[in-house]
Amino acid sequence: MIVEYIRYELKTHQPSELVDAYRLAAPHLEAAPQCHGYELSHCVEEPSSLTLRILWTSTEDHLQGFRKGPHFPPFLAAIRPFIGEIAEMRHYAPTDVAWSRTEG
């Protein structure tokens with residue numbers, strides 16, 4: 001599993017516009033077999049900064065499968081106005097340093 005982080009620093013759009021765009025784009029991620037989940041978060045201290053975390057089966061599956069497949073064009077159409085406001089877009093491999101508290 002690979003994690004892609006896309007960090008937006010909005011200068012010309014409002015955070016709510018990006019959230020709405022990803023609501024439109026989300027079904028195309030969900031339909032792609034290469035995608036195993038996503039989460040869009042906004043920064044509490046700097047509301048114009050938002051980060052999208054996407055779980056992919058692999059970097060190659062993302063770049064060669066999703067981006068060359070049928071779900072990418074409508075996904076891209078939904079988020080295209082925000083591409084110029086991307087501050088970072090990279091793939092990361094998780095390490096074994098992780099923990100989470102589960103409520104039970």
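**Figure 1. Cysteines Cys43 and Cys35 in the predicted model.** Cys43 is partly exposed, with a relative accessible area of 26%. The model shown here and in the other views is predicted. Cys35 is buried, at a relative accessible area of 11%. Burial requires a value under 20%. Cys35 therefore counts as buried at 11%, whereas Cys43 at 26% counts as partly exposed. The structure holds zero disulfides.

Figure 2. Gln34 sits in the loop between helix 1 (15-31) and strand 2 (35-42). Is Gln34 buried or exposed? Gln34 is buried, and its relative accessible area is 16%. Which residues does Gln34 touch, leaving aside those up to four places away in sequence? The contacts are Leu55, Trp56, Thr57, Asp61, Gly65 and Phe66.

**Figure 3. The salt-bridge network of Arg7, Glu9 and Glu88.** Salt bridges link Arg7, Glu9 and Glu88 in a network. Side chains of opposite charge can pair when their charged atoms come close. Glu9 and Arg7 meet through their side chains at 2.9 Å, N to O. Glu88 also forms a salt bridge with Arg7, and here the closest N and O atoms are 3.7 Å apart. This second pair links distant parts of the chain. Glu88 belongs to strand 4 and Arg7 to strand 1, 81 residues apart. How accessible are the members of the network? Glu88 is buried, with a relative accessible area of 19%. Arg7 counts as partly exposed at 30% relative accessibility. Glu9 is partly exposed too, with a relative accessible area of 23%.

**Figure 4. The salt bridge between Glu39 and Arg53.** The closest N and O atoms of Glu39 and Arg53 are 3.9 Å apart. The cut-off for a salt bridge is within 4 Å. Which strands hold the two partners? Glu39 lies in strand 2 and Arg53 in strand 3, so the pair ties together parts that are 14 residues apart in sequence. Glu39 is partly exposed, with a relative accessible area of 39%. Arg53 counts as partly exposed as well, at 26% relative accessibility.

**Figure 5. The largest pocket and its lining.** Rolling a probe the size of a water molecule over the atoms shows where empty space is left. The largest pocket holds about 160 Å³ of space. Its lining is made of 14 residues. Which of them lie nearest the centre of the pocket? They are Arg67, Phe72, Phe75, Ile79 and Met89. Five elements are named here as giving two or more residues to the lining: strand 1 (2-9), strand 3 (49-56), helix 2 (59-66), helix 3 (72-79) and strand 4 (86-92).

**Figure 6. Make-up of the pocket lining.** Which element gives the most to the lining of the largest pocket? Helix 3 does, with four residues. By residue class, the lining divides into 11 nonpolar, one polar and two charged residues.

Conventions
Residues are numbered from 1 along each chain as its sequence is written. This is a predicted model: local features need pLDDT of at least 70, side-chain atom pairs count only at pLDDT 80 or more; totals for chains, interfaces and linings use all residues. Side-chain values use heavy atoms; hydrogens and water are left out. On a 1 Å grid over the protein atoms alone, a cavity is a set of points where a 1.4 Å probe fits but cannot get out, and a pocket is an open set with protein on both sides within 12 Å along at least five of seven lines; lining residues have an atom within 4 Å of a point. Grid points are joined across faces, edges and corners, and a volume is the space filled by probe spheres set on the points. Ala, Val, Leu, Ile, Met, Phe, Trp, Tyr, Cys and Pro count as nonpolar, Asp, Glu, Lys and Arg as charged, and the others, Gly among them, as polar. Buried means under 20% relative accessible area, exposed over 50%, partly exposed in between (1.4 Å probe, protein chains only). Contact means heavy atoms within 4.5 Å. A disulfide is a pair of cysteine sulfur atoms within 2.5 Å.
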